[in-house]
Amino acid sequence: MTTRPVPLAHDETLRAMAAAIYASIWFDDVSLSFERAERRRTSEYRRAVGAAQQAMAAASRVREREKRQLPLL
């Protein structure tokens, strides 16, 4: 059984990141716009969403690490 990705309409930051990744990686290879790929849940769309989720998680880890660092005196 495969799980379908959650629609990104509620998370504009994640959606914008996924759209940017989609456009920058598959702009020559894909004839579908991001919106159409999103509606059809294409493999390119799902991979762009996964990359955006990984990027957001990495950025969150960096922010947490920066919060824990002591300020320089």
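Predicted model: local features only at pLDDT ≥ 70, side-chain atom pairs only at ≥ 80, totals over all residues.

Visitor: Where does Thr42 lie?
Guide: In the loop between helix 2 and helix 3.

Visitor: Is Thr42 buried or exposed?
Guide: Buried. Its relative accessibility is 15%, and the cut-off for buried is under 20%.

Visitor: What about Arg41, where is that found?
Guide: Arg41 is also placed in the loop between helix 2 and helix 3. Its relative accessibility is 16%, so Arg41 counts as buried.

Visitor: What is phi of Arg41 near?
Guide: Near 55°. That is a positive value, and the residue is not a glycine.

Visitor: Switching to rings. How many aromatic pairs does the structure hold?
Guide: Two. Tyr22 and Phe34 form one of them, and that pair is edge-to-face. The ring centres are 5.6 Å apart, with 70° between the planes.

Visitor: Which parts of the chain does that pair link?
Guide: Distant ones. Tyr22 is in helix 1 and Phe34 is in helix 2, twelve residues apart. Tyr22 is buried at a relative accessible area of 5%. Phe34 counts as buried too, at 6% relative accessibility.

Visitor: And why is the pair of Phe34 and Tyr45 tilted?
Guide: The planes of Phe34 and Tyr45 sit at 50°, so the pair is tilted, with centres 5.6 Å apart.

Visitor: How buried is Tyr45?
Guide: Its relative accessible area is 0%.

Visitor: On to helix 1. How many residues, and what is its reach?
Guide: Helix 1 runs over residues 12–26, which is 15 residues. It reaches 21 Å from its first C-alpha to its last, close to the 21 Å expected at 1.5 Å a residue.

Visitor: Which residues are buried in helix 1?
Guide: Leu14, Arg15, Ala18, Ile21, Tyr22 and Trp26. They are on the same side of helix 1, because they cover an arc of only 130° around the axis.

Visitor: What covers the buried residues of helix 1?
Guide: The cover includes helix 2 (34–40) and helix 3 (43–68).

Visitor: Which residues make up the largest nonpolar core?
Guide: There are twelve: Leu14, Ala18, Ile21, Tyr22, Trp26, Leu32, Phe34, Ala37, Tyr45, Ala48, Val49 and Ala52.

Visitor: Last one. Leaving aside neighbours within four places in sequence, which residues is Ala48 in contact with?
Guide: Ala18, Ile21, Tyr22 and Trp26. Those four are also listed among the buried residues of helix 1.

How values were computed
Residues numbered from 1 in each chain as written. Heavy atoms only, no water. Helix = DSSP H or I, 4+ residues; strand = E, 2+ residues; numbered from the N terminus. Expected span 1.5 Å × (residues − 1). Buried < 20%, exposed > 50% of the residue type's maximum accessible area, 1.4 Å probe, protein only. Arc of directions from axis to C-beta. Contact = heavy atoms within 4.5 Å. Phe/Tyr/Trp six-rings, centres within 6.5 Å; stacked < 30°, edge-to-face > 60°. Core = buried A, V, L, I, M, F, W, Y, C linked by side-chain atoms within 4.5 Å.
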